[in-house]
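Colleague: I have a few questions about how the terms are used here. Can we go through them one by one?

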Amino acid sequence: MNRVKYRISWFIVVQEITSSNTVVRTFFLLNQRVNDLVDISQLKGFRFEFSLSVEIMKLDFSGLESSAPLYGGSNELLSDGFSAAPSFDLPVTSDFDGFQKNSIQMVKPAKGTTTLAFIFKEGVMVAADSRASMGGYISSQSVKKIIEINPYMLGTMAGGAADCQFWHRNLGIKCRLHELANKRRISVTGASKLLANILYSYRGMGLSVGTMIAGWDEKGPGLYYVDSEGGRLKGTKFSVGSGSPYAYGVLDSGYKYDLTVDEAAELARRAIYHATFRDGASGGVASVYHVGPNGWTKLSGDDVGELHYSYYPVEPAIVEQEMTEAVVA
Amino acid sequence: MECVFGMVGKGFALVVADTSAVNSILVHKSNEDKIMVLDSHKLMGASGEAGDRAQFTEYVQKNVALYQYRNGIPLTTKAAANFMRGELATALRKNPYMVNIVLAGFDKDTGPSLYFIDYIATLHKVDKAAFGYGSYFALSMMDRHYHPNMTVDEAIKLAEQCIEEIRSRLVVAPQNFVIKIVDKDGAREHSWRRTTKD
């Protein structure tokens, strides 16, 4: 039997070729001492069995072998640990730093922005940030993410900027044609349905659109969420984008139907600010629009950096001891 | 994560569905009605991809209405189920609809009936059916406690037991459920089982 001992990152691997020409690799965890090859079988480890006939390179480890324990620490510590150490299974991966990042990337909403809209007593409040990012590079801090479809309907942009701008403009055209053909304005329900049907027909072709259509029609305020997967949801409160989970938290806790216009604007502004604070892909300027019975109006556009210092002003530090100039004799 | 199930009782059929609209880890809304009223005596509970669900169910609804306008009489539940299956089958090899459907209906001559329609156009006439992760819990509950010719109260109790089981055992259980019923008086909403107000 050829036994070869070598090290792979934090594991010690003992590789044996048994008499039947199979390669057996046994992995041992970091805190177990592997000095005496004879005791290996009593240690905890994983066994992988391969059937290969492999020419094994016999490496000479005689220089490394010593009586001292392999990973430092005192002898008694290791011998105690050897007998009864509490230990836990490590995740079965070699990329310990990266695997959590991958699982976060999997669940985090993909579209790098924060937009939100909600219906309240006085109409619809729509707010968005203004950052455009290309991977880790901020390509613009002044993107208009609230698109004016017509004087009484707004659309928000999340996902591909070109897709959103083009299809919202196209929707504006269709809404105007509807007005001319039917001598009355189109409802928010109808407009969102038009957009949803168009996006559904392009499903799977790579459009990236996550938008909210907000407006005021004969039935009062209306809010719909439409996305490029073909989904269309009617609701009273939505937030879209990578910063949306953060915005939802602030929005849900502060929302009441009976807000005044100023209170609702402050709630929307605050939710966008908190999302830009935590989400790297959101930032720039928090714009807030209000859609009322006479159409939309832009209420404010504040830089989120300045908002931070207005919400959390810097306190002067308490000085315990002051240093003064030494008097020169 | 989406749960739809249904069962047949004495002179009625019941469909229960969750009401959450979810996008990865985010719940967009928890009062989305996924049981569509096809016509006066048919209920269709659908689960699957968001866009497909809305588009396919509305397409079926409009075609069922068109048949009634053209021919003066409504489709039977069996005919509607076969129409749906045919549409799913035709689209399957080109542009499949990812929707699972539980169709419940009441016909004057044949009484209540329940159809299980898969996204790959499987069609079965059944007494009880379930889709989604909730089906792992609902199906065995229904197998154990279901018996033919249940009264409305017994069926509602069984539905509640299934909902409770889903709530306690499914790791990402939906918050609210809606129960709809169809009998000789028509298809209508029966009640909601909520844990959150939305």
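Modeller: Start with chain A. Take its contacts between residues at least 6 apart in sequence: 58% join residues at least 24 apart. Contact here means heavy atoms within 4.5 Å. This is a predicted model: local features need pLDDT of at least 70, side-chain atom pairs count only at pLDDT 80 or more, and totals for chains, interfaces and linings use all residues. Residues are numbered from 1 along each chain as its sequence is written, chains are lettered from A and ligands numbered from 1 in the order in which they are written, and side-chain values use heavy atoms, with hydrogens and water left out.

Colleague: What makes a residue of chain A count as buried, and what percentage do?

Modeller: Buried means under 20% relative accessible area, exposed means over 50%, and partly exposed lies in between (1.4 Å probe, protein chains only). Of the 329 residues of chain A, 40% count as buried.

Colleague: Why is Asp185(B) called exposed?

Modeller: Its relative accessibility is 58%, and the cut-off is over 50%, so Asp185(B) counts as exposed. Asp185(B) sits in the loop between β11 (177–183) and β12 (186–193) of chain B. Strands are DSSP runs (E, at least two residues), as helices are (H or I, at least four), numbered from the N terminus.

Colleague: Why is Tyr133(B) called partly exposed?

Modeller: Its relative accessible area is 45%, which lies between 20% and 50%, so Tyr133(B) is partly exposed. Tyr133(B) is in the loop between β10 (128–131) and α3 (135–145) of chain B.

Colleague: How do you know that Lys193(A) and Glu58(B) form a salt bridge?

Modeller: A salt bridge is a side-chain nitrogen of Lys or Arg within 4 Å of a carboxyl oxygen of Asp or Glu. For Lys193(A) and Glu58(B), the closest N and O atoms are 2.6 Å apart, so the pair meets the rule. Across the interface of chain A and chain B, the rule finds three salt bridges.
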